[in-house]
Amino acid sequence: MVPCQSHCDRRNGLLHRCLRIYDLFCISTISKLLGRLYYPYHHASGETGKLPTRVNNAMIGVALVGTLTGQLVFGWLGDKLGQKKSLCPKAVIGTLCFFRFWLGFGIGGDYPLSATIMSEYANMSTRGAFIAAVFAMQGMGIIFAGLVSMTVSHLFL
């Protein structure tokens, strides 16, 4: 193996590992934010600003069940096809496309609902500005995604 290739592979492996672990464990921060957003008042557990225990456990548990399932499926594929074939670009890209479809599905549901909710609950005097802000945040998200991508690429590539 060429030294440059192994160095690049090592950096890409570190970035991949970092992003996987971040994605798996960032849910604790997200659950606190969701609790403050969707449960600002007391509920059955009597706590303000926290997700109900069952909701919190389901959000955390679904990723762990997915992790276990992924380990079993890709472990089996690795045994049957070989490790390199089970992580070939086609398998990785196919898996990425599958989950990006479901991400798009959720975002597609958010588009009409967020604008509708904003228009229903905003005051008449601020309604236009709030609806414009809903769609302006798409641009902010695009800019932020680009900045994060450039920063991460600069650090690891």
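The following paragraphs lead the reader through a predicted model of a protein, from its overall make-up to particular residues. Residues are numbered from 1 along each chain as its sequence is written. In this predicted model, local features need pLDDT of at least 70 and side-chain atom pairs count only at pLDDT 80 or more, while totals for chains, interfaces and linings use all residues; side-chain values use heavy atoms, with hydrogens and water left out.

The protein has six helices and zero strands, where helices (H or I, at least four residues) and strands (E, at least two) are DSSP runs numbered from the N terminus. Of its 157 residues, 8% are buried; buried means under 20% relative accessible area, exposed over 50%, and partly exposed in between (1.4 Å probe, protein chains only).

Helix H2 (residues 27-38) packs with helix H3 (residues 53-81) at an angle of about 150°, their axes lying 11 Å apart. H2 is therefore roughly antiparallel to H3, a term for angles over 145 degrees. Within helix H3 lies Met-59, which is partly exposed at a relative accessible area of 23%. From C-alpha to C-alpha, Met-59 and Ile-27 are 7.7 Å apart in space, although 32 residues separate them in sequence.

Helix H5 (residues 89-121) contains Phe-99. Phe-99 has a relative accessible area of 52% and is thus exposed. Together with Phe-98, Phe-101, Trp-102 and Phe-105, Phe-99 makes a nonpolar surface patch of about 610 Å². Such patches are made of residues with over 30% relative accessible area and no salt bridge, with nonpolar side chains (Val, Leu, Ile, Met, Phe, Trp, Tyr) joined within 5 Å; a salt bridge is a side-chain nitrogen of Lys or Arg within 4 Å of a carboxyl oxygen of Asp or Glu.

Technical notes. Patch = residues over 30% accessible without salt bridge, like charges linked within 9 Å, V, L, I, M, F, W, Y side chains within 5 Å. Areas by Shrake-Rupley, 256 points an atom, 1.4 Å probe, with all protein chains shown as cover. Axes fitted to C-alpha atoms, helices over the stretch in contact; angles between N-to-C directions. Parallel < 35°, antiparallel > 145°, perpendicular 65-115°, else oblique.
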